[in-house]
Amino acid sequence: MPCKCFENITLSANLSLKEKLAICKCTCNARFSAEENKRIFILKDAKAEEVEKHKVDGSIIHDTRCNKCDFLFVFKKEKYFFVELKGTDIRHALTQIDATMQTFYQAGILAGKDTRCCIVFTAYPKDNGIFRKAVINLKRNWNNKLASIEVVQKSKRMEYSVAQDKVIG
């Protein structure tokens, strides 16, 4: 069942990011997953009261001129999953996630948190090392600001276990 929690939410530009997060979150049974154009992200091994799902692109951040990821999942208020459901431009997906993380960090939300950057793509582009270098740079830039940061990517469907803290399917 697809989530419809974000369909009729209009957020005032005057609200802080923390206020937007409090208002714009999924309350249905679909809070463990996000789907777009046949790409799916699923958070596993968590209870409903432990997970918050937020639609970033188009809900929390409306500005079409700035980069932002598609969704944010928060587990136990300590682990942040920035999710981008992408076609083939996974380097741009990383740029979108990084920009979203910057926004949350500047708002005082992300400092000292465990962070996972999750990219679900349609097809992996030809590997020329550019993406690997971008991941290294991202980790280096965030190393002293977060408790931890990991970048994971998978084709079409990603299942992430919070209990095992890794991609399981």
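## Terms and model

A residue is buried when its relative accessible area is under 20%, exposed when it is over 50%, and partly exposed in between (1.4 Å probe, protein chains only). By that rule Cys117 is buried, because its relative accessible area is 0%.

This is a predicted model, in which local features need pLDDT of at least 70, side-chain atom pairs count only at pLDDT 80 or more, and totals for chains, interfaces and linings use all residues. Residues are numbered from 1 along each chain as its sequence is written, and side-chain values use heavy atoms, with hydrogens and water left out.

## Cysteines

A disulfide is a pair of cysteine sulfur atoms within 2.5 Å. The structure holds zero disulfides. For Cys5, the closest cysteine sulfur is that of Cys26; it is 3.7 Å away, too far for a bond. Cys117 is in no disulfide either. Its nearest cysteine sulfur, in Cys118, is 7.3 Å away.

## Helix 3

Helices (H or I, at least four residues) and strands (E, at least two) are DSSP runs, numbered from the N terminus. Helix 3 covers residues 130-142, 13 residues in total. The expected span of a helix is 1.5 Å times one less than its number of residues. For helix 3 that gives 18 Å, and its end C-alpha atoms are 18 Å apart, which agrees.

Phe131, Ala134, Val135, Leu138 and Trp142 of helix 3 are buried. Seen down the axis, the buried residues of helix 3 fall within an arc of 100°, so they line one face. The arc is that of the directions from the helix axis to the C-beta atoms. An α-helix has 3.6 residues a turn, so residues three or four places apart point the same way.

The buried residues pack against helix 2 (90-106), strand 6 (114-121) and strand 7 (148-155); contact means heavy atoms within 4.5 Å. Exposed Lys133 and Arg140 sit on the face turned away from the buried side of helix 3.

## A loop residue

Ala163 lies in the loop between strand 8 (157-161) and strand 9 (166-167). It counts as exposed because its relative accessibility is 63%. Ala163 and Glu36 are 127 residues apart in sequence. In space, they are 25 Å apart, C-alpha to C-alpha.
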